[in-house]
Amino acid sequence: MGSAPAQIPTSFGHELRACLRCRLVKTYDQFRDAGCENCPFFKMEEDHERIVEVTTPNFNGIISVMDPSRSWAARWLRFGKFAPGCYTLAVSEPLPEEMQILCQEEHVQYVLPKRM
């Protein structure tokens, strides 16, 4: 997690997906090529089936954040320490249990989504 910017989605069609942990939004191909900038321990670029496990096409809204550490909206949405990029406002699916355990093992916070 740092200040290097995440890839910006190359299209805003049906191929967009959001990371279930950090809510970063990119296309499937971008996750396949570079993984998630905030969640490198998921190793999506090495295991393409993992992309389907830890991302979702079902999300609400998109916000673009250029400087998460200075953005009140990014801090309020709990991604003030993530890479600059496009994020969803909300996902309604939780991470699979084995991925939640991986987050614990990696000592990274995972917050269950609120019921929608």
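The model is a predicted one, in which local features need pLDDT of at least 70 and side-chain atom pairs count only at pLDDT 80 or more, while totals for chains, interfaces and linings use all residues. Residues are numbered from 1 along each chain as its sequence is written, and side-chain values use heavy atoms, with hydrogens and water left out.

**Stop one: the aromatic rings**

A search of the whole structure finds three aromatic pairs, where rings of Phe, Tyr and Trp (its six-membered ring) pair if their centres lie within 6.5 Å, and planes under 30 degrees apart count as stacked, over 60 as edge-to-face and the rest as tilted. Select Phe79 and Tyr87, a stacked pair with 4.3 Å from centre to centre and 15° between the planes. Phe79, Phe82 and Tyr87 form one aromatic cluster.

Now display the surface around these residues. Buried means under 20% relative accessible area, exposed over 50% and partly exposed in between, using a 1.4 Å probe and protein chains only. Phe79 is buried at 1%, Tyr87 is buried at 0%, and Phe82 is buried at 11%.

**Stop two: Thr88**

Next select Thr88, which lies in strand S5 and counts as buried at 0% relative accessibility. A polar atom of the Thr88 side chain lies 3.1 Å from the backbone oxygen of Asn60 and 3.2 Å from the backbone oxygen of Ala90. Leaving aside residues up to four places away in sequence, Thr88 is in contact (heavy atoms within 4.5 Å) with several residues, including Ala18, Arg23, Phe59 and Phe79.

**Stop three: the sheet**

Finally, colour the open sheet of three strands in the order S2-S1-S3, with antiparallel pairing, where two strands pair if DSSP finds at least two bridges between them. Strands S2 (25-27) and S3 (55-56) stand at the edges, each with a single partner strand, so one side of each is left without a neighbour in the sheet. Three bridges join S1 (residues 16-19) to S2, and the bridge partner of Arg17 in S2 is Lys26.

Conventions: Helix = DSSP H or I, 4+ residues; strand = E, 2+ residues; numbered from the N terminus. Polar contact = N/O pair within 3.5 Å; in protein donor to acceptor, adjacent residues only side chain to side chain.
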